[in-house]
Amino acid sequence: MADIQSTSASSPIVVRRRDYRPPDWLVPTIDLDFSLDPARTIVRASLSVTRNGGHDRPLRLDGDELTPIEVKVDGRALGPGEWSIEQGALVIPLPGPAHQVETVVELAPEQNSKLMGLYASGGLLCTQCEAEGFRRITFFPDRPDILSRYSVRLEADQARYPILLSNGDPTEQGELPDGRHWAKWIDPFPKPCYLFALVAGDLACNSESFVTMSGRAVKLGIWVKEADLPRTSHAMQALKDSMAWDERVYGREYDLDVFNIVAVADFNFGAMENKGLNIFNSRYILADAETATDADYDGVEGVVAHEYFHNWSGNRVTCRDWFQLSLKEGFTVFRDQNFSADMGSHAVKRIEDVRVLRAAQFQEDSGPLAHPVRPESYMEISNFYTATIYNKGAELIRMIALMLGPDRFRAATDLYFERHDGEAATCEDFIRAMEEGGRIDLTQFRRWYEQAGTPRVRASLTHDPITQSVELVLEQNTPPTPGQPDKAPLAMPLRAALFDRHSGRSSGETLLMLTEEQQRFTFNGFAVAPVLSINRGFSAPVIVETSRSQADLAFLAAHDDDPFARYEAMQQLMVNALVGRVAGQEVDETAVIAAIRDTVNDPHLDSAFIAEAIRLPSEAYIGDQMVQVDPDDIHAARDALQRRVGKELEPLWRDVHARTRANGFSLSAAAKGARKLRNSALIYLVASGAVDGPTVAFSQFDEADNMTERQSALATLANDRSDEREAALDIFYNRYRDDALTLDKWFQTQAFASHPDTVDLVEELAGHPDFTLANPNRVRSLFGAFAGNQWAFHHRSGKGYRLVADCIIALDKLNPQTAARLVPPLGRWRRFDEERAALMRGELQRILSQPGLSKDVTEQVSKSVE
Ligand code: 0A1
Ligand code: ZN
């Protein structure tokens with residue numbers, strides 16, 4: 001029998017978009033039979049295969065760490081020499097146009113620490129197949145353009161695994177001798193293998209029903225450990241709301257008789273849209289007032305919606321190859337963002353989404369890992385589940401939707417879904433449907449899919465009092481990114497308005513289409529120079545540079561009728577003050593303080609918006625505005641401004657903090673807004689240095705009937721040395737030590753604290769008995785949060801870099817995917833001073849020199865180190 005060659009090769013192979021070829025063999029049907037056991041699972045697969053086109057190439061079935069126990073073709077067992085193993089794949093020469101191929105393999109799910117393929121998590125057996133996990137379960141052409149009908153038989157010990165779930169609809173079940181039982185599931189919709197899933201375990205079900213727009217009743221089930229059942233109601237409501245929303249907004253109806261969701265504790269990402277059987281990281285299902293913050297509740301709602309929406313954007317219409325990943329992810333993020341906006345506040349949701357885009361995607365786009373929304377090559381596809389594919393991808397759809405308007409956009413998405421239903425499509429297919437269904441030419445717009453980097457748009461306004469006109473000059477330029485030195489101009493829709501500085505009114509909004517490198521727009525009827533409001537609603541994912549004065553920004557912060565633009569003006573006011581402080585310049589901060597005061601006191605604004613608008617930009621965001629990031633100076637500047645705002649408006653913060661105190665817990669928009677504002681007030685009150693600051697924070701911590709207020713009080717206390725800090729951390733730990741998701745918050749709060757000793761504390765916490773590398777949520781809570789804590793991570797000593805590198809090295813042996821996701825913060829060394837840059841690169845080189853490094857980490861580190 002042939003030897004298995006490792007697929008996590010030491011010289012990783014680059015996959016290129018241009019090398020796409022249609023599959024040599026198709027697999028119209030697959031029958032799977034699992035005899036489940038954590039130590040020894042037997043998987044029997046029977047594939048009908050058909051030759052695709054005229055060629056004589058053998059059948060090649062991908063495999064990763066699989067050994068065939070048996071290989072049969074058309075019922076006949078093959079002998080050694082009739083098949084071979086090449087780079088993990090099973091290669092079988094076949095004579096005819098169609099054959100039946102059977103294989104048997106053995107798996108040990110309890111040994112699978114990568115959490116890809118079939119693995120064990122907290123007594124359950126579950127699967128994760130996207131992107132290339134199915135090849136760890138059975139030999140199969142593991143590519144998304146092979147669509148097959150699945151029939152699955154599951155067999156397991158009945159006491160240990162009373163519930164057996166897979167995709168599609170359940171058909172039969174029965175009992176067997178020796179305490180075993182079985183169940184059969186058939187999925188009538190052909191699907192790519194990355195959407196396959198199974199779950200076996202002792203699970204309880206929150207079960208409800210949804211009647212679709214055509215009157216079909218769908219059985220909904222959310223499966224969790226019995227004790228977690230009370231924490232599933234928010235997810236259930238989110239699911240029903242999503243189903244109704246997709247019908248109403250996109251005309252898309254659910255297509256199976258059952259829709260199941262399972263929550264698992266160990267999961268590499270957020271959740272997975274397997275057909276009819278979504279599998280979730282439990283943090284995006286479980287929520288109750290005692291343990292979930294408002295942000296957690298929103299996370300549950302958004303991710304449940306995201307996975308549900310994939311049923312059409314991803315499952316019914318899937319991706320031809322992984323270079324098209326944004327076809328499903330960008331579109332689905334766009335859909336879940338709009339759903340969440342409809343469920344809550346459009347303004348606040350847009351602010352949050354842009355904050356995420358800037359923090360994650362703009363950073364990615366300006367560093368060594370920058371890549372286009374439709375990449376040209378990869379070594380390991382798992383590394384491409386990025387903010388660029390997801391969030392920038394969503395922004396591209398948002399621009400198309402804006403250019404088309406709601407009716408034409410709906411006509412275009414209808415065309416897309418109808419035309420490509422049951423197909424594996426490309427980004428180009430999507431754009432063509434937008435063009436035809438929306439009656440628009442997107443020739444130039446296509447560049448957004450090809451070109452990496454965040455465009456910069458310089459906007460300058462000149463006023464001519466004689467002609468009473470203003471001229472707006474817009475200039476765009478996209479900086480070079482790895483492999484793309486020269487950029488062509490992009491087509492971008494910029495929503496703009498001009499405000500009369502006396503009346504405070506705008507002349508109405510216009511949509512400017514910037515397509516050239518430089519373009520001029522003239523507006524008439526302005527006796528006095530107006531104030532420019534541009535990229536309203538963040539209509540294009542670009543960095544706008546204007547030379548608006550602090551006074552103009554303060555004006556917009558008070559008068560702009562676009563809430564996002566108003567928020568943006570506040571942020572820019574603050575950024576100017578902070579960057580000025582870091583540079584040692586005298587910047588008038590009174591405008592900032594006045595704007596914050598006026599925003600808080602504006603009776604027309606809701607609390608959630610106020611809380612967003614008055615929040616100081618993060619240290620990381622301030623760093624992004626500078627040529628070279630100085631973490632210490634940035635921290636000092638932000639701290640000082642926060643203290644000043646705290647001090648000068650102290651009575652206001654006391655008042656806001658007192659009047660936002662609620663009687664009883666509610667998830668209404670008003671109650672959530674009040675909590676958000678209350679937390680901002682607490683931050684400023686404590687920052688003011690008032691002697692009772694820690695006491696007020698501690699009382700909030702102690703008295704809160706919800707996690708939002710409790711955790712934010714804890715986070716505020718965690719930033720300073722005080723007895724209250726230690727007391728609160730101890731109380732929190734003892735109260736939640738047995739609840740993994742809540743204990744994650746305890747790790748995360750400390751790792752994210754703006755405290756001079758954070759780096760030492762993180763080292764200590766890495767040795768805490770409750771810390772484990774086996775659980776991705778726990779790793780992210782400690783090391784993910786820490787690497788995002790600019791001041792602490794970039795500690796001059798380089799200790800922060802060493803800690804994260806040590807974690808990457810250790811984790812790579814267990815779970816390369818999760819390890820690779822910790823690399824990007826170290827890769828940003830070009831943005832820092834020489835000493836820090838050298839220390840960061842040194843750690844990257846140390847990682848790279850480790851023997852047996854995974855393809856995942858190798859790709860990220862080798863791209864980052866140069
Ligand atoms: N398609 C999922 C993302 C996802 C990708 C890979 C995973 O495996 C490790 C898991 C989930 C989504 O967009 O939600
Ligand atoms: Zn997705």
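The UniProt record, in an unreviewed entry, places the feature "domain: Peptidase M1 membrane alanine aminopeptidase" at residues 235–446; UniProt positions follow the numbering used here, feature names are shortened, and annotations may be inferred rather than shown by experiment. The structure is a predicted model, in which local features need pLDDT of at least 70, side-chain atom pairs count only at pLDDT 80 or more, and totals for chains, interfaces and linings use all residues. Residues are numbered from 1 along each chain as its sequence is written, while chains are lettered from A and ligands numbered from 1 in the order in which they are written. Over residues 235–446 the chain is 55% helix and 9% strand, with the end C-alpha atoms 37 Å apart. Helices (H or I, at least four residues) and strands (E, at least two) are DSSP runs numbered from the N terminus.

Helix α5 (residues 387–420) and helix α6 (residues 427–438) have axes that come within 7 Å and cross at roughly 115°. Axes are lines fitted to C-alpha atoms, for helices over the stretch in contact, and angles run from 0 to 180 degrees between N-to-C directions. The contact, defined by C-beta atoms, placed from the backbone, that lie within 7 Å, involves residues of α5 including Ile400, Leu404, Phe409 and Tyr416, and residues of α6 including Phe430, Ala433 and Met434. By class, the contact of α5 with α6 has 10 nonpolar, 3 polar and 5 charged residues, where Ala, Val, Leu, Ile, Met, Phe, Trp, Tyr, Cys and Pro count as nonpolar, Asp, Glu, Lys and Arg as charged, and the others, Gly among them, as polar.

Around ligand 1 there are 13 residues, of which Gln128, Glu130, Asn268, Phe269 and Met272 come nearest; a residue is near a molecule if its C-beta atom, placed from the backbone, lies within 6 Å of it. The shell around ligand 1 comprises 4 nonpolar, 5 polar and 4 charged residues. Two or more residues of this shell are given by each of β20 (271–272) and α2 (294–309). The peptide bond from glutamate 130 to alanine 131 is cis, with omega near -5°, and alanine 131 lies in the loop between β11 (124–128) and β12.

β20 also belongs to an open sheet of 5 strands with mixed pairing and the order β17-β18-β19-β21-β20. β17 (204–211) and β20 each have a single partner strand at the edges, so one side of each is left without a neighbour in the sheet. Strands pair if DSSP finds at least two bridges between them. β17 and β18 (residues 217–224) run antiparallel and are joined by 8 bridges, with asparagine 206 opposite isoleucine 222 of β18.

An open sheet of 8 strands, also with mixed pairing, has the order β6-β5-β9-β3-β2-β12-β15-β14. Its edge strands are β6 (76–77) and β14 (169–175). Strands β2 (residues 25–35) and β3 (residues 41–51) pair in the antiparallel sense over 9 bridges and form a hairpin with 5 residues between them; leucine 32 has alanine 45 of β3 as its bridge partner. β12 (residues 148–157) and β15 (residues 180–191) are antiparallel over 9 bridges, and leucine 154 has alanine 183 of β15 as its bridge partner.

The UniProt annotation "domain: Aminopeptidase N-like N-terminal", from an unreviewed entry, covers residues 100–195, over which the chain is 0% helix and 53% strand.

Definitions and conventions
Contact = placed C-beta atoms within 7 Å.
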